[in-house]
Amino acid sequence: MVNKKIKLFLILSSLIFIFFTFYLGLNKNNYYTTENIVYKKIENFESYEFFSNKKISFKNISPDKKYIILNIWSSWCLPCRKEHKNLIKLRENIKVDLIGLNYKDKFENAKSFLSELGNPYDIILKDKNGLISIEIGAYGVPETYLINNINKKIIKKYLGPINEENVKEIQSLAKQ
Amino acid sequence: MISHLGSYSLIFCTIFAFLIILQSAKLIGNQSKIFPKKIYTIITLQLFFVIFSFSCLLIAFVSSDFSNITVYNNSHTEKPFFYKISGVWGNHEGSLLLWLLVLVLFLFLFILDTKNYDNKYKLLTVIFQEIIILGFLLFIIITSNPFDYIFPVPLEGLGLNPILQDPALAIHPPILYIGYVGTSLIFSSSLAAVINNTVNSEWAKQIKKWVFLSWIFLTLGIMLGSIWAYYELGWGGFWFWDPVENVSLMPWFCLTALLHTILVLEKRNALKNWTIVLSIATFSLSMSGTFLVRSGILNSIHTFANDPSRGVFILTFLFFLIFLAIIVLFIYSENDKKTSNNFNILSKETAVLVNNWFMMYFLSVVLIGTIYPIFLEVFTNEKISVGPPFYQKLMIPFLIPFFIFMSFGPRVKWINDKLKKINYTQIIVFISSLIIAYIIFTNSSVSYLFSSFLIAASIFLVLNSLRDFFSKSIQIPQKISHFSFSILILSILLNGIYSEEFNSNMKVGDELKFIDKTIKFKGINFDEKDNYKLLRGDFEVIDSGKNTLNFNPEIRIYNQPVISTSEADIKTNLFNDNFIVFTLLKDNEIFNVRYQHKPFMIWIWISIIMLAFGGTLAVIKYGK
Amino acid sequence: MNNKFNIISLIIFFLFINYSFADEKIKRIDKVSKNLRCLICQGQSVYDSQSEFALSIRDLIIKKIDEGETDDEIYDYLKVKYGDWIIYDPKFDKNTILLWLIPLILFIFGGLLIFRKVIIIK
């Protein structure tokens with residue numbers, strides 16, 4: 001009889017445990033993002049400058065700057081179009097270099113995109129087959145990264161278009 | 001107007017559910033042999049109102065009444081008539097109404113079926129079933145009312161996702177739900193039998209056909225979903241170990257175990273507690289399936305519109321039922337020690353236990369694989385994927401012993417069988433299996449030693465099941481189902497080993513070589529149908545024997561909602577399926593073309609249908 | 001009996017002639033990409049998806065294979081970038097120890113229960 005009660009107790013308590021785990025699980029966001037995977041070092045890579053097609057190494061970019069901002073964009077991506085005015089605003093208010101990474105794009109389309117909406121970038125690099133974006137840990141366009149230019153580690157990620165609040169946040173983070 | 005009526009009748013049903021529970025509880029002590037007329041009448045009325053309510057939703061869908069929010073969200077005037085009907089259960093709210101309909105209908109049929117049974121047992125079953133019905137009614141009314149209004153009335157609906165506009169998927173939910181809901185009746189009646197202290201051969205005989213019925217529908221329901229995934233998703237596979245698929249497989253394993261155990265209870269009056277545990281577990285798993293799918297807790301291909309309050313409701317209700325069941329079980333169950341006797345190692349009883357052992361193992365693999373990521377995330381905040389490799393690694397090694405047990409199991413006699421000293425036929429069967437497996441492997445590119453043993457074991461099972469047809473001690477339904485199962489396994493294995501796929505980007509006019517075949521992309525043409533435009537590709541596949549196959553896969557662009565889908569073109573014959581699907585890439589000129597050669601595909605479907613057919617024969621036999 | 005089996009084996013034999021080998025590298029690319037989740041798709045693998053992300057990952061796999069990396073090295077590289085979520089086959093580590101062991105423990109436990117229930121009559 002005692003044995004039976006212990007059994008009952010064990011079963012009921014494990015059920016309660018499962019119940020609460022599920023309950024907590026319900027309140028979790030189940031859309032996966034990599035936003036929290038930060039403080040990883042970006043290994044050096046080589047790319048070509050957008051206009052001049054000159055070879056550039058990532059490690060030689062803006063050598064005098066403590067931070068850089070890297071923005072992945074493409075002329076065929078609609079959210080990029082929406083985001084662009086915020087990038088321009090960001091560049092106006094910040095002393096940090098803004099690096100564009102032109103993702104899987106056609107040169108002509110990208111050029112007319114910039115002449116139409118303005119060019120906020122200090123340097124634009126080309127990512128012809130998307131491999132540089134993978135090296136950085138991106139999975140879509142647009143994405144924006146605040147990077148410590150001394151140790152090449154990612155400080156903050158913004159997946160999707162940045163808004164005005166993000167602009168302010170980047171400004172305050174890059175001041176430190 | 002119609003929506004009002006539907007909504008009110010649901011409220012009536014709720015009142016009836018309360019009435020039935022109260023009245024039945026009052027009448028339980030009554031010694032009368034005749035089932036109380038009053039309760040029978042209310043159950044009939046309840047059934048009527050649920051059917052009425054369901055019809056209201058049906059009419060709203062067919063007449064495209066967009067003042068109803070469910071219709072607005074899921075239908076469109078241009079949608080074909082057939083899919084207007086299937087739209088009723090192609091969404092969260094409507095599918096729950098269908099679920100409710102089956103719950104009430106099954107209870108009604110149960111009452112009709114058990115004319116000569118003990119009143120107390122019937123009334124208790126009614127009470128438990130009505131508790132479930134009540135739970136679902138409240139769930140529908142509080143969180144998912146299909147009759148909610150929208151004002152001002154929109155002129156046009158949002159349409160049904162075209163990927164769901166498909167004949168197999170249109171009938172998949174009703175079939176699957178009958179399977180799921182059938183287990184509710186097993187749950188209710190097993191608890192009733194526990195309280196009534198009648199968990200015995202007679203009860204087993206009576207509930208057996210419900211077990212088989214649920215199992216048949218669940219089997220067919222899973223198959224329909226799988227067929228749909230095979231040709232509609234265009235990935236060429238038929239099982240992806242997606243959480244939503246797993247969720248339907250879990251009650252299937254449990255029900256299959258129950259299917260065998262119930263026979264031991266019937267013939268030998270043994271394994272009482274275990275039968276009850278399985279009955280409760282089967283329904284709990286069906287319910288957890290609903291919870292996992294509808295609450296949005298899982299990340300899956302198939303998602304319903306999610307709402308956390310729904311998740312909380314089903315979760316609470318599910319655990320309420322499990323608690324209720326466990327407490328009933330602990331208070332009323334007989335002490336196992338007194339009634340149980342041991343089984344002889346060489347007996348059908350033991351064979352059934354071994355079957356259960358494997359079923360429970362496969363169940364645990366699928367269950368743990370499905371819910372483990374949820375647990376891990378809650379406790380460590382880390383997200384992992386548990387995909388096909390996990391299930392394959394944990395299940396495949398266990399298949400070999402399972403096949404060997406299953407080869408012998410059906411022929412073992414009840415109580416006590418004797419082992420023959422040397423069984424020559426068995427040796428011949430064994431050697432033939434090895435030879436066939438060897439022949440298969442010398443002709444394939446797969447060179448794992450393990451796979452060859454797996455194939456050998458499954459051929460051994462096929463040959464033995466074939467041999468069982470000549471055995472007099474095995475009943476025909478069982479012969480058919482076991483043989484079909486062995487064919488199913490063999491076709492899945494051979495299909496897995498011999499499938500070949502070609503995946504490449506092509507332009508019109510391209511010609512590419514793939515192993516010994518040539519694939520030609522001859523052209524595309526445009527066409528327009530009622531509710532979609534289409535792009536039809538013209539492909540030709542020439543094999544080494546100069547045989548040509550023509551394929552016309554389609555890319556459809558639906559009007560409402562604007563979504564494009566790829567329709568595979570599949571050429572099926574007895575030995576293999578040839579499959580081409582193509583999708584448009586960004587540049588409008590280049591297409592991704594996927595050609596697949598899938599041997600024995602048709603046998604997977606045929607064997608599942610035969611498996612279910614075996615079950616149907618059993619129901620007919622037991623129904624007499 | 002024996003005759004029947006001969007016929008069956010003959011039939012099966014004829015079904016399987018004419019098979020040859022596919023290109024090993026393509027097979028490896030397919031195998032690796034089937035084990036990777038396309039992060040921006042719903043429940044699709046990198047192999048199944050035609051999204052830009054999946055296409056880039058496939059290019060990456062080709063590049064890494066050409067550089068002579070093993071499958072595990074490719075998985076580890078992507079895990080650092082995107083987390084464990086991207087791999088369909090969970091590795092055996094401190095997070096997944098229970099995932100792999102619970103089913104096996106249950107299997108042994110079930111076997112013991114049956115063993116207790118069964119006796120041998122001579």
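1. Let's start with a pair of facing residues: in chain A, I68(A) stands opposite D97(A) in strand β4. Helices (H or I, at least four residues) and strands (E, at least two) are DSSP runs, numbered from the N terminus. Strand β3 (residues 67-73) of chain A runs parallel to β4(A), and six bridges join them. Two strands count as paired if DSSP finds at least two bridges between them.

2. A word on what you are looking at: this is a predicted model, where local features need pLDDT of at least 70 and side-chain atom pairs count only at pLDDT 80 or more, while totals for chains, interfaces and linings use all residues. Residues are numbered from 1 along each chain as its sequence is written, and chains are lettered from A and ligands numbered from 1 in the order in which they are written.

3. Now follow the chain between strands. β3(A), helix α2 (residues 78-92) of chain A and β4(A) make a right-handed β-α-β unit. The path from β4(A) through helix α3 (residues 107-117) of chain A to strand β5 is a right-handed β-α-β crossover too. Right-handed means that, with the strands pointing away from the viewer, the path from the first strand over the helix to the second runs clockwise.

4. A residue is buried if 20 or more other C-beta atoms lie within 10 Å of its own, exposed if 12 or fewer, and partly exposed in between, with C-beta atoms placed from the backbone.

5. D127(A) and Y103(A) are 24 residues apart along the chain, yet their C-alpha atoms are separated by 5.0 Å. Leaving aside neighbours within four places in sequence, the contacts of D127(A) include S47(A), L101(A), I132(A) and S133(A). Two residues are in contact if their C-beta atoms, placed from the backbone, lie within 7 Å.

6. Chain A also meets chain C: 13 residues of chain A are in contact with 14 residues of chain C. The chain A side has five nonpolar, six polar and two charged residues. Ala, Val, Leu, Ile, Met, Phe, Trp, Tyr, Cys and Pro count as nonpolar, Asp, Glu, Lys and Arg as charged, and the others, Gly among them, as polar.

7. Over in chain B, find H76(B) in the loop between α3 (69-74) and α4 (81-86). Is H76(B) buried or exposed? H76(B) is buried, because 22 other C-beta atoms lie within 10 Å. E156(B) is 80 residues away from H76(B) in sequence, but 6.3 Å away in space, C-alpha to C-alpha. Not counting residues up to four places away in sequence, H76(B) touches E156(B), G157(B), G159(B) and Q560(B).

8. Among the buried residues of α18(B) are W603(B), I604(B) and L611(B). The cover over the buried residues of α18(B) includes α8 (201-232) and β10 (576-584) of chain B.
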